[in-house]
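Let's take a walk through this protein together, starting with its sheet and ending at the join between its domains.

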Amino acid sequence: MIVTEFPHYLNTANELRKHLIPRLETALGKFSKRNSAEVIQPVRTTVPLQKHSGFLGVMPCYMENDGILCTKLVSFYKRPAGSTLPSTQATVMLLDPEYGNVKVMDGEVITFMRTAAVSAISAKLLMRPDAEVLTILGTGKQAKSHYNVFTEIFQFKEVRVWSRSVDRADTFAGSLNGPVTVCKSVEEAVKGADIIVTVTRSTEPVLFGQWVKPGAHVTAVGACRPDWRELDDTLMKQAVVYVDSRESAMTESGDIILSGVEIFAEIGDVINGTKPACREKTTVFKSLGLGVEDAASAQLVYDKWKQC
Ligand SMILES: NC(=O)C1=CN([C@@H]2O[C@H](COP(=O)(O)OP(=O)(O)OC[C@H]3O[C@@H](n4cnc5c(N)ncnc54)[C@H](O)[C@@H]3O)[C@@H](O)[C@H]2O)C=CC1
Ligand SMILES: O=C([O-])C1=[NH+]CCC1
């Protein structure tokens, strides 16, 4: 039996709060314990598609104690400015670990929702509790899922967005279910912001430390190649840096590798209580995206389907 296309299992507010976020927290906590009976998840294998300025990523994960076997194929591209082609496309396969057959196939919804939900977990742990202003840099697919998840989980007084094209930012603003302020520059968008989400395809820094309010939390979701950046060295050096996976960060993140900063903790360490959440300081959570996040989300889709 192959279960496909289950957006409604993952993207209602109730499912998000009661199921997706708790399952992701548990999975990230297990991942950070490095117990192979809990999680076996190698760093993504990435094949460059040089001719097409793209990459194919393969993301397997086995959670023996939970009986979850999953892999994702994800292609991602550097698209020229103004391109309407999707930059990220994914297929997630949940398999039966005993027989090897495929049980769930999806990709887009799981990738959009689990990435935003993991960012929300980082915000829950690292953002100041009195945060009022959320800024989103980028107006693509991840920007939309982050807007939806963040405004569902938290209460902000103001949400700001920035895109290189004001027209695209206006179109994005019009597609949302709530109010948003469109900003003309990154500096204007992030000034005084308590939490900043970077979800661009940029390969150069777009967010500079000199503009970031001390004590703000930055969730950096784009720039998943060792020579790609979204954040400048000043910001990286002034922040306490958290990652989803140390191995992934040291292999894939230009923001970490090129700035030479020390990683303070994995987000799973904070979930496990083995490292503190330095909320009072400026913090960066560098998200690369993990197979264990797809595995936990695909299993949730399957469990929900079985209940119907
Ligand atoms: N950490 C994770 O788990 C995941 C990360 N990603 C990454 O998130 C980023 C966004 O993904 P999608 O929303 O699917 O892409 P998208 O193509 O839908 O949106 C990308 C956004 O970045 C903007 N952009 C492109 N080049 C830029 C530049 N040079 N400077 C500033 N903005 C620029 C585009 O105008 C658009 O608003 C990508 O880098 C992708 O690889 C995607 C999935 C999971
Ligand atoms: O985890 C993921 O799906 C991805 N991370 C970077 C591009 C896609």
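## A parallel sheet and what surrounds it

Strand β12 (residues 240-243) and strand β14 (residues 283-286) run parallel to each other and pair over four bridges. Helices (H or I, at least four residues) and strands (E, at least two) are DSSP runs, numbered from the N terminus, and two strands pair if DSSP finds at least two bridges between them. Within this pairing, V241 has V284 of β14 as its bridge partner.

A word on the basis: this is a predicted model, in which local features need pLDDT of at least 70 and side-chain atom pairs count only at pLDDT 80 or more, while totals for chains, interfaces and linings use all residues. Residues are numbered from 1 along each chain as its sequence is written, and chains are lettered from A and ligands numbered from 1 in the order in which they are written.

The two strands belong to an open sheet of eight, with parallel pairing and the order β9-β8-β7-β10-β11-β14-β12-β13. At its edges are β9 and β13, each of which pairs on one side only.

| Edge strand | Residues |
|---|---|
| β9 | 181-183 |
| β13 | 265-266 |

Helix α3 (residues 108-126) lies across β10, β11, β12 and β14, and runs at about 160° to β11. Here axes are lines fitted to C-alpha atoms, for helices over the stretch in contact, and angles run from 0 to 180 degrees between N-to-C directions.

Next, the two domains. The protein is divided into domain 1 (2-110 + 292-307) and domain 2 (116-289), with bounds from an automatic or database domain assignment. Their C-alpha centres lie 21 Å apart. Across the join, 19 residues of domain 1 are in contact with 21 residues of domain 2; contact here puts the C-beta atoms, placed from the backbone, within 7 Å. Helix α2 (residues 13-33) gives the most to domain 1's side, with twelve residues.

Where does ligand 2 lie? Both domains give residues to the shell around ligand 2, so it lies between them. Around it are V74, F76, T88, A90, T111, C224, L288 and G289, each with its C-beta atom, placed from the backbone, within 6 Å of the ligand. Strands β4 (68-77) and β5 (88-95) each supply at least two residues of this shell.

Methods: Contact = placed C-beta atoms within 7 Å.
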